[in-house]
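The following exercises concern a single protein chain. Please work through each task before reading its solution.

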Amino acid sequence: MATPKKSSPRFRERAELLDFLLEVSRITSETLDLDQLLENVAGIVKEVVPYDLFAILLYTERNQGLRIRYSIGHRNEIVRSLVIPMNEGITGTAAATLQPVLSGDVQHDPRYLNALDAVRSELAVPMTARGKLVGVIDLLFLIRCAGTGGWAWLRAPWAMIGAAWWLWLVFCSL
């Protein structure tokens with residue numbers, strides 16, 4: 001009798017990617033209300049990445065910077081008034097370079113713009129459509145964790161593919 005083979009890591013990654021894309025597709029098709037859509041996205045990101053503070057910042061040509069469009073945990077005065085110029089802070093660096101920026105210890109990172117003293121780590125992931133900047137997803141953590149295996153999910157191929165798929169759906173719904 002043949003013994004069943006264990007699934008390969010590559011197959012598991014593809015299965016995880018498919019599950020993630022199906023969940024993103026389901027969430028983005030549930031509503032045409034942008035505020036509700038962003039709230040749903042924050043929920044699915046929370047399932048994958050245990051952030052403490054969350055923001056989706058959109059790029060505005062008029063201000064030549066990023067403004068918070070949706071947030072969890074940020075003070076109202078920051079949400080209302082903050083405009084982050086390109087190349088300023090971790091978020092502005094991610095926007096300018098169109099590359100994710102991870103700071104494992106913001107207390108020793110000169111790029112960090114202090115929004116809350118308790119923050120220890122930050123991950124900023126740019127959102128693009130057709131090669132142009134749309135905005136940045138910014139995740140803040142109250143613990144230093146970038147040097148641990150807790151960031152291994154970032155290396156998974158589904159992370160960038162899922163983010164690209166989600167951005168395309170959001171961009172098309174605007």
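A residue is buried under 20% relative accessible area, exposed over 50%, and partly exposed in between (1.4 Å probe, protein chains only). This is a predicted model, in which local features need pLDDT of at least 70, side-chain atom pairs count only at pLDDT 80 or more, and totals for chains, interfaces and linings use all residues. Residues are numbered from 1 along each chain as its sequence is written, and side-chain values use heavy atoms, with hydrogens and water left out.

**Exercise 1. Describe the order of the elements in the protein.**

Step 1. Take helices (H or I, at least four residues) and strands (E, at least two) as DSSP runs, numbered from the N terminus.
Step 2. The protein then has five helices and six strands.
Step 3. Read from the N terminus, their order is α-α-β-β-α-β-α-β-β-β-α.
Step 4. As to burial, 40% of the 174 residues count as buried.

**Exercise 2. Find the salt bridges of the whole structure and classify their residues.**

Step 1. Apply the criterion: a side-chain nitrogen of Lys or Arg within 4 Å of a carboxyl oxygen of Asp or Glu.
Step 2. In one of them, Asp35 pairs with Arg69, with 2.6 Å between the closest N and O atoms. Asp35 belongs to helix α2 (residues 34-48) and Arg69 to strand β2 (residues 65-72), so this pair ties together parts that are 34 residues apart in sequence. Asp35 is partly exposed at 38% relative accessibility, and Arg69 is partly exposed at 35%.
Step 3. Arg75 and Glu77 form a salt bridge at 2.9 Å between the closest N and O atoms. Arg75 is partly exposed because its relative accessibility is 40%; Glu77 is partly exposed at 42%.
Step 4. Asp109 and Arg111 meet at 2.8 Å, N to O. Asp109 is buried, as its relative accessible area is 12%, whereas Arg111, at 33%, is partly exposed.

**Exercise 3. Which residues lie closest to the centre of the largest pocket, and how is its lining divided?**

Step 1. On a 1 Å grid over the protein atoms alone, a pocket is an open set of points where a 1.4 Å probe fits, with protein on both sides within 12 Å along at least five of seven lines; lining residues have an atom within 4 Å of a point.
Step 2. The volume of the largest pocket is about 230 Å³.
Step 3. Its lining has 17 residues, and those closest to the centre are Leu82, Ile84, Leu113, Ala115 and Asp138.
Step 4. α4 contributes the largest share of the lining, three residues.Step 5. Count Ala, Val, Leu, Ile, Met, Phe, Trp, Tyr, Cys and Pro as nonpolar, Asp, Glu, Lys and Arg as charged, and the others, Gly among them, as polar. The lining then comprises eleven nonpolar, four polar and two charged residues.

Key. Points joined across faces, edges and corners; volume = space filled by probe spheres on them.
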